[in-house]
Amino acid sequence: MNAKDLMTEVPTTVSPDHSVWHAAQIMLSEHVSGVPVLADDGVLAGIVTEGDLLRRTELGTAEAFPNPSQDADAVARAYVKSRSWKVGDVMTTNVITIDETTDVHEIVTLIDQHDIKRLPVMREERLVGIVSRADLLKVIATGKPDAEIRGDEAVRRAIVARLAETASALSAQPVVAVEGGIVHVTGDIRSRYEHDAIRMIVEGVAGPGFKDDLSISGKKVL
């Protein structure tokens with residue numbers, strides 16, 4: 001799955017010459033936390049977000065007397081951003097973008113690493129959509145468990161394979177047996193968290209409910 005599959009196509013945009021009040025009204029009416037800003041030639045100029053509008057005179061959060069120890073340019077920038085009525089003065093210009101073929105793993109990584117809520121999607125130099133955290137939630141909300149696997153041996157092999165993929169999270173690989181559709185898991189584990197990881201894997205393959213004889217330091221996991 002990639003950006004083209006996830007993105008909101010043709011998102012609402014504003015111009016650098018629009019007012020911050022206009023941008024705020026769009027965010028409220030469309031229930032979004034950021035709006036792309038396009039220059040007159042259609043090129044992405046920036047993005048204006050809720051975060052850009054937090055330190056404003058209207059909110060009483062603008063610093064009337066910025067810290068004099070700050071860089072002079074930073075002080076001037078903060079002053080303009082807190083008081084200007086133009087989107088172009090308050091928007092974020094250093095925007096991280098992706099293209100339509102960017103896969104979901106890279107999208108999540110970028111959003112997490114840069115602590116941002118949305119990524120404009122570009123086709124060459126043109127904005128064609130936007131992927132937000134909400135779009136990623138839709139993937140999770142429509143997700144389904146692994147396809148049903150039938151047969152004791154097939155279930156056992158599937159569970160063993162998934163446990164092997166999770167080897168870095170487990171202190172040891174448990175022993176798995178499946179008889180009459182009932183999964184039996186035995187072994188020694190490091191913590192209750194490992195038990196939960198194993199339970200999650202088994203339930204993902206065979207569904208809820210399995211019998212285990214897992215122990216932590218010789219004590220049965222309850």
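Two strands are taken as paired if DSSP finds at least two bridges between them. Helices (H or I, at least four residues) and strands (E, at least two) are DSSP runs, numbered from the N terminus. The model is predicted: local features need pLDDT of at least 70, side-chain atom pairs count only at pLDDT 80 or more, and totals for chains, interfaces and linings use all residues. Residues are numbered from 1 along each chain as its sequence is written, and side-chain values use heavy atoms, with hydrogens and water left out.

**View 1. The hairpin of strand 7 and strand 8.** Strand 7 (residues 175-179) and strand 8 (residues 182-189) run antiparallel and are joined by 5 bridges. Within this pair, Val 178 stands opposite Val 183 of strand 8. The turn has 2 residues between the strands, and Gly 180 there adopts a positive phi of about 60°.

**View 2. Strand 8 beside strand 9.** Strand 8 also pairs with strand 9 (residues 211-216), here in the parallel sense and over 6 bridges. Thr 186 stands opposite Asp 213 in strand 9. Strands of a sheet pair through backbone hydrogen bonds, either parallel or antiparallel.

View 3. Strand 5 (residues 118-123) and strand 6 (residues 126-132) pair in the antiparallel sense over 6 bridges. Arg 123 has Arg 126, in strand 6, as its bridge partner.

**View 4. His 22 in helix 2.** Helix 2 covers residues 20-30 and includes His 22. His 22 is partly exposed, with a relative accessible area of 29% (buried is under 20%, exposed over 50%, and partly exposed in between, with a 1.4 Å probe and protein chains only). Pro 36 lies 14 residues from His 22 in sequence and 13 Å from it in space, C-alpha to C-alpha.

**View 5. The whole protein chain as context for the close-ups.** The protein chain has 8 helices and 10 strands. Its radius of gyration is 26 Å, well over the 17 Å that the globule rule gives for 222 residues, so the chain is more spread out than a compact globule; the radius is taken over C-alpha atoms, and the rule is 2.2 Å times the number of residues to the power 0.38. The C-alpha trace spans about 70 × 40 × 30 Å along its principal axes. Buried residues make up 35% of the 222 residues.
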